[in-house]
Amino acid sequence: MESSGELVPFPLLMTCNYRACTIPYRFPSNNPTKPTPTELSWIHVFMNSIPSFRKRAESDDTVPDALSRAEKFAHRYTEILEDLKKDPKSHGGPPDGILLCRLREQVLRELGFRDIFKKVKDEENAKAISLFEDVIHLNDAIEDEAKRMENLVKGIFAGNLFDLGSAQAVIFVDNSGADIILGILPFTRELLRHGTQVILAANDLPSINDVTYPELVEIISKLKDEQGKLVGVDTSNLLVANSGNDLPVIDLTGISQELADLASDADLVILEGMVSLLLSMLCYCNHSFCFIS
């Protein structure tokens, strides 16, 4: 399903108290003209990542003059971060995780870099695809259903609760490679075995190593057999949706209209990602539990 470009709130979201970034970056008592210690800490995190992003950009052979453009990216993004350190209201601030990511992606795209992690994503996807059936067979060999599901859940997020009885589940997927192929897809297959309709929502545009909608469609196509099954399991209840997102983090106040339509009566919603974001991104839906790892 392609994204129409129109972004709408996630239909199950209780928007009255929802914030995409709930880390307390600043309080009303903070001086609006000076960055807070938390804002400075995150600015430094993104500053320290610039050399690795520059290196990725330099090796992007799809972009002419990648070396000089990568240097411009490092220079421009450094200037932006330095500006935010001096004035948190510059560049659309005050800064939070989403703004810092968005500014970085904006500079990359303005310089012609669409997907600087494409090579590593393709390599990791190929490795994971070669291991997919082995992982499935190991999981299927666990006869106890509860233990089998526990093993599958450990593959994506440890120690979290979920509702196996859901009639419909929406999973916002995260990284390419082992994350999606050896973590999310075996879990998805098990839900399909139980008759659950599963919607996998992937990024509209590339961002870091997140799997995109077109990439996920291709991955699933490669994993299906001639009958359209995932190692013997029917996939007619599996849908892949374009989330409308273009960052490595997601703001549920803006998703694609198509995904909103599909998710309107979901019983379970999973946002799969970095465990470190668990507490900063936890929210509840009006008739189902949104579990975020």
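Residues are classed as buried under 20% relative accessible area, as exposed over 50% and as partly exposed in between (1.4 Å probe, protein chains only). The structure is a predicted model, in which local features need pLDDT of at least 70 and side-chain atom pairs count only at pLDDT 80 or more, whereas totals for chains, interfaces and linings use all residues. Residues are numbered from 1 along each chain as its sequence is written, and side-chain values use heavy atoms, with hydrogens and water left out.

The protein chain contains 8 helices and 10 strands, taken as DSSP runs (helices: H or I, at least four residues; strands: E, at least two) numbered from the N terminus. Of its 293 residues, 49% count as buried. Contacts are defined by heavy atoms within 4.5 Å; among those between residues at least 6 apart in sequence, 74% join residues at least 24 apart.

Nonpolar cores were defined as sets of buried Ala, Val, Leu, Ile, Met, Phe, Trp, Tyr and Cys residues joined through side-chain atoms within 4.5 Å. The largest comprises 50 residues, of which Phe10, Leu81, Phe113, Phe172 and Leu252 touch the most other members. Elements giving two or more residues to this core include helix 1 (37-58), helix 3 (97-110) and strand 2 (168-172). Helix 2 supplies the largest share, 8 residues. When residues up to four places away in sequence are not counted, leucine 81 touches Ile43, Phe46, Met47, Ile50 and Leu100. Another core, of 32 residues, lies apart from the largest one and has among its members Ile171, Leu185, Ala202 and Ile270.

Helix 5 (residues 145-154) has Arg148, Met149, Leu152 and Val153 as buried residues. These cover an arc of only 135° around the axis and therefore lie on the same side of helix 5, the arc being that of the directions from the helix axis to the C-beta atoms. The buried residues pack against helix 4 (118-140) and helix 6 (178-193), while the face turned away from the buried side carries the exposed residues Ala146, Lys147 and Lys154. At the N-terminal end, helix 5 is capped by aspartate 144, a side-chain oxygen of which lies 3.1 Å from the backbone nitrogen of alanine 146.

A search of the whole structure finds 18 salt bridges, each a side-chain nitrogen of Lys or Arg within 4 Å of a carboxyl oxygen of Asp or Glu. One of them joins glutamate 190 to arginine 148, with the closest N and O atoms 3.0 Å apart. This pair links distant parts of the chain, glutamate 190 in helix 6 and arginine 148 in helix 5, 42 residues apart. Glutamate 190 is buried at 1% relative accessible area, and arginine 148 is buried at 8%. Salt bridges that share partners also join Asp115, Lys118, Lys121, Asp122 and Glu215 into one network.

Within helix 4, lysine 118 and aspartate 122 lie 4 residues apart, about one turn of the helix, and their side chains meet in a salt bridge (3.4 Å, N to O). Lysine 118 is partly exposed at 34% relative accessible area, and aspartate 122 is partly exposed at 37% relative accessibility. In helix 2, lysine 85 and glutamate 82 are 3 residues apart, or about one helical turn, and form a salt bridge whose closest N and O atoms are 3.5 Å apart.

Aspartate 179 lies in helix 6. The residue aspartate 179 is buried yet has no salt bridge, and the nearest side chain of opposite charge, lysine 121, is 12 Å away (Lys and Arg count as positive and Asp and Glu as negative; His and the chain ends are not counted).

Technical notes: A polar contact is a pair of N or O atoms within 3.5 Å; within protein, one must be able to donate a hydrogen and the other to accept it, and residues adjacent in sequence count only if both atoms are side-chain atoms.
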